[in-house]
Amino acid sequence: MRECSDSCCCPQSTPSSTAPPEASQIYDGCGSPIEPAGIKEGEIVVDLGSGGGFDVFRASKLVGQSGRVIGIDATPEMIWSARETAKKYSFSNVEFRLGEIEHIPLDSGSADVVVSNCVINLAPDKLVVFREAHRILKPGGRLVVSDVIAERNLKIDRNDPKAWAECVAGALPESEYLGLIKEAGFTGIQTAEKTSGQDGKTTQSCCSSGISAVVLTATKPRNPNV
Ligand SMILES: C[S@@+](CC[C@H](N)C(=O)[O-])C[C@H]1O[C@@H](n2cnc3c(N)ncnc32)[C@H](O)[C@@H]1O
């Protein structure tokens, strides 16, 4: 189990996976967006804030050689680490691009699935991120986000650097978070999983009480007028 003090989302355990050990060791997510995404062979999957590539490597097995998984991260060290791991284990259907999830370095309508694991809470303007996810998805494409959310009445000092480091400062109430996904143009928004902080019953536990981990799914409508 990791120390809460230096970990953002403080996973109690890394989801079981076929990802290389190098990626598993620096996993810093708060759940798993991969299983609810229903990823199929041949699909193009984009991971926003891919870190050491944990979810990218897991998705790469699902899309197979006819698909592709692209990790986006703003930290050069994360990109270098993930590229090294990909090279070491000869993953030929993955790539890692340095970039911000507020300005995703991908063409519009180019992805079947966008996933993200414990990253969007860190973005000061989450609507911009959801709009970018919507832009890069093909019509009918899926968004699956694992992230932390705050209980509605939780008092948060949003200027406290420790609170940012623990993914608490940017955590929004669930209804607000879902509202932003809707405002970005997504439909069929659902909470696939929810784990309350420190409930002791699950594999995930967030650092602070009043903070929960959720996995949300949504779709970009095929018809933009829907
Ligand atoms: C808590 S870690 C999660 C990493 C990974 N998703 C995982 O599950 O292990 C957050 C990651 O998001 C990246 N990140 C934070 N803000 C970002 C932004 N605005 N654009 C791109 N990457 C960002 C960080 O560099 C870091 O690698």
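Q: What backbone feature is found just after α3?
A: Just after α3, S90 takes a positive phi of about 55°, where helices (H or I, at least four residues) and strands (E, at least two) are DSSP runs, numbered from the N terminus. The model is predicted, with local features requiring pLDDT of at least 70 and side-chain atom pairs counting only at pLDDT 80 or more, while totals for chains, interfaces and linings use all residues. Residues are numbered from 1 along each chain as its sequence is written.

Q: How do you know what span to expect for α3, and what does the model show?
A: The expected span is 1.5 Å times one less than the number of residues; helix α3 (residues 76–88) has 13 residues and reaches 18 Å from its first C-alpha to its last, close to the 18 Å expected.

Q: What makes residues of α3 count as buried, and which are they?
A: A residue is buried if 20 or more other C-beta atoms, placed from the backbone, lie within 10 Å of its own, exposed if 12 or fewer, and partly exposed in between. By this count the buried residues of α3 are M78, I79, S81, A82, T85 and A86. Seen down the axis of α3, the directions from the axis to the C-beta atoms of these buried residues fall within an arc of 165°, so they line one face of the helix. The face turned away from that buried side carries the exposed residues P76, E77, W80, K87 and K88.

Q: Why is α2 called largely enclosed?
A: 8 of the 10 residues of α2 are buried, so α2 is largely enclosed by the rest of the structure; the buried residues are F54, D55, V56, F57, R58, A59, S60 and V63. Just after α2, G64 takes a positive phi of about 70°.

Q: Which residues have the most contacts inside the largest nonpolar core, and what makes it a core?
A: A nonpolar core is a set of buried Ala, Val, Leu, Ile, Met, Phe, Trp, Tyr and Cys residues joined through C-beta atoms within 7 Å. The largest such core has 58 residues, and those with the most contacts inside it are V45, V46, V113, V114, A133, L143 and V148. Strand β5 (residues 137–150) gives the most to this core, with 7 residues.

Q: How do you know which residues surround the ligand, and how many are there?
A: A residue is near a molecule if its C-beta atom, placed from the backbone, lies within 6 Å of it, and 23 residues surround the ligand, the closest being G29, G49, G51, A74 and T75. Both α2 (54–63) and β2 (68–73) supply at least two residues of this shell.
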